[in-house]
Amino acid sequence: MSEEKDCDLECAICFSIYNNVFRAPKLLVCGHTFCLECLARMNMKSHVAEAIQCPICRRLTIVPKEGLPKLGNDSNVLSCLPETMQRIHSIHFNRGKGQLFVKKGPGSQKKKVKNKVFASSVSQSLDVGRPLEPDNRREQRQSCWCCVHKSYVTIITVILVTLSVLISSVWVFVVH
Ligand SMILES: [Zn+2]
Ligand SMILES: [Zn+2]
């Protein structure tokens, strides 16, 4: 009873148990902890890539230059995880692709033969949502529609001009 740890191993957003891969417990500056996957999903939906807003207290945490996975881990939560999980994998976050993936460690090549079971049981990358569509794409589509419209106008004008020339030449022929 003397040393009872207050272990909250569930992410408050997705209710998943933290782990040492994509659900690593990341500590925000406000003191709230969420899993890396949820923070990455939040970052994908945000227009501001450089900061994460805490969904509980709305305080902003600046994302490290090296990327979202470089946010500090919650050591309190980590100490509650099983010993084998206390070493967080090196994760990379690609915001352009909306993917989290495990960086291949230097030791991964050695285990190539025995790696089969490990590779199939642990997902090496994780989709965290689609990147926001840039606003200029819609404008582009509109201008394309404009181009089509303009070409139609040109074709109709050419046809009308040709017809009028034909009619006037026939008129001239008839009069003479
Ligand atoms: Zn979560
Ligand atoms: Zn907070």
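Me: Why is T33 called buried in this predicted model?
Reply: Its relative accessibility is 13%. Buried means under 20%, so T33 qualifies. T33 is found in strand β2, residues 33-35.

Me: What makes the pairing of T33 and D74 a polar contact?
Reply: The two side chains come to 2.4 Å. The cut-off is an N or O pair within 3.5 Å, so the pair counts as a polar contact.

Me: Which residues is T33 in contact with, leaving aside its neighbours within four places in sequence?
Reply: Y18, P25, K26, L27 and D74.

Me: How do you know which atoms are donors to the zinc ion (ligand 2)?
Reply: C30 (SG), H32 (ND1), C54 (SG) and C57 (SG) sit at 1.9 to 2.3 Å. Donors must be N, O or S atoms within 2.8 Å of the metal. These four therefore coordinate the zinc ion (ligand 2).

Me: Why is the arrangement around the zinc ion (ligand 2) called tetrahedral?
Reply: Its four donor atoms subtend angles of 104 to 119 degrees. For four donors, the tetrahedral label requires all angles between 85 and 135 degrees. The arrangement is therefore tetrahedral. The ideal angle for four tetrahedral donors is 109.5 degrees.

Me: How are the donor residues of the zinc ion (ligand 2) spaced in sequence?
Reply: The spacing is C-x1-H-x21-C-x2-C. H32 lies in the loop between β1 (25-27) and β2, and C57 in the loop between β3 (51-53) and β4 (60-62). That pair is 25 residues apart and links distant parts of the chain.

Me: Why do H32 and C57 count as partly exposed?
Reply: H32 has 25% relative accessibility, and C57 has a relative accessible area of 34%. Partly exposed covers the range between the 20% limit for buried and the 50% limit for exposed. Both residues are therefore partly exposed.

Me: What makes the site of the zinc ion (ligand 1) tetrahedral?
Reply: The angles among its four donor atoms are 103 to 117 degrees. The tetrahedral limits are 85 and 135 degrees, so the site is tetrahedral. The protein donors are C11 (SG), C14 (SG), C35 (SG) and C38 (SG), lying 2.2 to 2.3 Å from the zinc ion (ligand 1). Along the chain they follow the spacing C-x2-C-x20-C-x2-C. Within this set, C14 in the segment before β1 and C35 in strand β2 are 21 residues apart and link distant parts of the chain.

Me: Are C14 and C35 buried or partly exposed, and what makes them so?
Reply: C35 has 0% relative accessibility, so it counts as buried. C14 has 27%, so it counts as partly exposed. The limit for buried is under 20%.

Me: How do you know that E37 forms a salt bridge with R23?
Reply: Their closest N and O atoms are 3.0 Å apart. The cut-off is 4 Å, so the pair is a salt bridge. E37 lies in helix α1 (residues 36-45) and R23 in the segment before β1, so the bridge ties together parts that are 14 residues apart in sequence.

Me: What makes E37 and R41 a salt bridge?
Reply: Here the closest N and O atoms are 2.7 Å apart. E37 and R41 are four residues apart in helix α1, so about one helical turn separates them. The structure holds two salt bridges, and R23, E37 and R41 are linked in a network.

Me: Which of E37, R23 and R41 are buried or partly exposed, and why?
Reply: E37 is buried because its relative accessibility is 8%. R23 is partly exposed because its value is 23%. R41 is partly exposed because its relative accessible area is 33%.

Me: What makes α1 mostly covered?
Reply: Seven of its 10 residues are buried. They are L36, E37, C38, L39, A40, N43 and M44. These buried residues pack against β1, β2, β3, β5 (91-94), β6 (99-102) and β7 (125-127).

Me: Which stretch has a pLDDT below 50?
Reply: The protein averages a pLDDT of 84, and 78% of the residues score at least 70. Over residues 108-121 the pLDDT is below 50. Beyond near neighbours in sequence, this stretch has two contacts in the model.

Methods. Residues are numbered from 1 along each chain as its sequence is written. Chains are lettered from A and ligands numbered from 1 in the order in which they are written. This is a predicted model: local features need pLDDT of at least 70, side-chain atom pairs count only at pLDDT 80 or more; totals for chains, interfaces and linings use all residues. Side-chain values use heavy atoms; hydrogens and water are left out. Helices (H or I, at least four residues) and strands (E, at least two) are DSSP runs, numbered from the N terminus. Buried means under 20% relative accessible area, exposed over 50%, partly exposed in between (1.4 Å probe, protein chains only). A polar contact is a pair of N or O atoms within 3.5 Å; within protein, one must be able to donate a hydrogen and the other to accept it, and residues adjacent in sequence count only if both atoms are side-chain atoms. Contact means heavy atoms within 4.5 Å. Donors are N, O and S atoms within 2.8 Å of the metal (3.2 Å for Na, K and Ca); water is not among the atoms, so sites may look incomplete. Four donors count as tetrahedral if all angles lie between 85 and 135 degrees; four count as square planar and six as octahedral if opposite donors are over 155 degrees apart and all others between 65 and 115; anything else is irregular. pLDDT is the predictor's confidence in each residue, from 0 to 100. A salt bridge is a side-chain nitrogen of Lys or Arg within 4 Å of a carboxyl oxygen of Asp or Glu.
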